[in-house]
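Me: I'm new to this structure and would like to learn how to read it. Could you walk me through some features, with the general idea and then the case here?

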Amino acid sequence: MNDTAAARPRTPPAPIPLMVLTGFLGAGKTTLLNRLLKDEALARAAVIINEFGDIGLDHLLVEHVEDGVMLLSTGCLCCTVRGDLVNTLEKLLRGLDNGRMNFDRMIIETTGLADPAPVLHTAMVHPYFVMRFRLDGVVTVVDGVNGAATLDAHIEAVKQVAVADRIVLTKTDLIDSPECREAAARLRERLTALNPAAPVIDAASASVRQLIDCGLYDAERKIPDVRRWLAEGAYARDEHHHHDVNRHDDKIRAFTLASERAIPFSAFEMFLDLLRSMHGPNLLRVKGIVKLAETPEQPVVIHGVQHIFHPPATLAAWPDDDHRTRLVFIVNDIPQRAVGDLFNAFLGLAKADTPDRAAVTDNPLVPFGGADHLR
């Protein structure tokens, strides 16, 4: 190798698509994952699970690669997370880089009782993982028979549905009476109300192609498929008029904000910072494309879970003919107006049909009671 070749910087590897598979205890994640791993598209997927005994893949194991890492007969790697997820991911990447392991996808299955947010945080904020992984999507498994009762009893199950890119309904073969079919229809309506943009897919017919590449990036085209990712029309159609106050998901809301007006990058950063400080734990998911005043022809894509946001990605051009800022919010107990007013304040938009004094005192950017505080 000559000196020029030796000095040439290495091209960073393409980010590895990372899917988060979640769902409440007993929903059928194990059965679904077991079937998906047999598909050729996942022949080189690495799979991380919370507890080895939970996944029921014992019959596929052929040898130990190292402690906590198993090589499956499908060619997949299965890792038991006995400790830190970060350590496990780093171990896998080291094995990939030194040629001891060979995988081109990552699947992380959360434990059934888990809020998926911490797993998403790990992939979104770790400085090394941000370069090595891209979020491929969140797939949530829901029990078609017991799902409604689970949503009533466990807020974790509600959050799992709310952050999903795809919802997979299991045990539909057990829905064999008029009463069960009526209950299943109500469950589907409830899932759609919780997350209007996520397709509800029957597990019996679910294919790998329906469940992979459902996040921000289209693996084939290598550009953001914003229309599919944001699915703005789905949120616009869902008006959330019907709620049962005894259910957890009565407080879960999904809505979009859109604006033709470009926003200065510093103002948008302040908007996100204030939004996180005010509502962080209740921001279940935020995603969108933003028209910046400095570079109106090069939008920025954002993605956040609770108070954690992935570093913004600047696009070379708008991916479609819609050049508006479009932001999708899935939130817990945050009024849409509170977020909308805050965003409009940073845009510099005055409230229509609002007296001058009220416009000041109601301004979300003025602390402690508005104009009286400024005297």
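Me: Which residues of α13 meet which residues of α14?

Reply: Contact means heavy atoms within 4.5 Å. Helices and strands are DSSP runs, numbered from the N terminus; a helix is H or I with at least four residues, and a strand is E with at least two. In this predicted model, A267, F268, M270, F271, L274, L275 and M278 of α13 meet V339, L342, F343 and F346 of α14. The residues of this contact divide into 11 nonpolar, no polar and no charged. Here Ala, Val, Leu, Ile, Met, Phe, Trp, Tyr, Cys and Pro count as nonpolar, Asp, Glu, Lys and Arg as charged, and the others, Gly among them, as polar.

Me: At what angle do α13 and α14 pack?

Reply: Axes are lines fitted to C-alpha atoms, for helices over the stretch in contact, and angles run from 0 to 180 degrees between N-to-C directions. Helix α13 (residues 265-279) and helix α14 (residues 336-347) pack at about 155 degrees, and their axes are 9 Å apart. Angles under 35 degrees count as roughly parallel, over 145 as roughly antiparallel, 65 to 115 as roughly perpendicular and the rest as oblique. The two helices are therefore roughly antiparallel to each other.

Me: Is the crossing of α13 and α14 left-handed or right-handed?

Reply: A crossing is left-handed if the near helix is turned anticlockwise from the far one by less than a right angle, and right-handed if clockwise. α13 passes α14 in a right-handed crossing.

Me: How many aromatic pairs does a search of the whole structure find?

Reply: Rings of Phe, Tyr and Trp (its six-membered ring) pair if their centres lie within 6.5 Å; planes under 30 degrees apart count as stacked, over 60 as edge-to-face and the rest as tilted. The search finds 6 aromatic pairs. One of them joins Y128 and F129, a tilted pair with 6.2 Å from centre to centre and 40 degrees between the planes. Ring pairs also link F268, F271, F343 and F346 into a cluster.

Me: Where is M124, and what is it in contact with?

Reply: M124 is in helix α5 (residues 117-125) and is buried, with a relative accessible area of 2%. Leaving aside neighbours within four places in sequence, its contacts are V130, H303, G304, V305, I308, F309, H310 and P311.

Me: What does sequence separation tell me about D136 and C214?

Reply: D136 and C214 are 78 residues apart along the chain, and their C-alpha atoms are separated by 6.0 Å. D136 is in strand β7 (residues 133-143) and counts as buried at 1% relative accessibility. For the protein chain, residues 24 or more positions apart account for 73% of the contacts with a separation of 6 or more.

Me: Which residues have a positive phi although they are not glycine?

Reply: Most residues other than glycine have a negative phi. Q306 has a positive phi of about 55 degrees, and D333 has one near 60 degrees. Q306 is in the loop between β12 (300-305) and β13 (308-309), and D333 is in the loop between β15 (325-332) and α14. Q306 is buried, with a relative accessible area of 11%, whereas D333 is partly exposed at 43%.

Notes:
Residues numbered from 1 in each chain as written. Predicted model: local features only at pLDDT ≥ 70, side-chain atom pairs only at ≥ 80, totals over all residues. Heavy atoms only, no water. Buried < 20%, exposed > 50% of the residue type's maximum accessible area, 1.4 Å probe, protein only.
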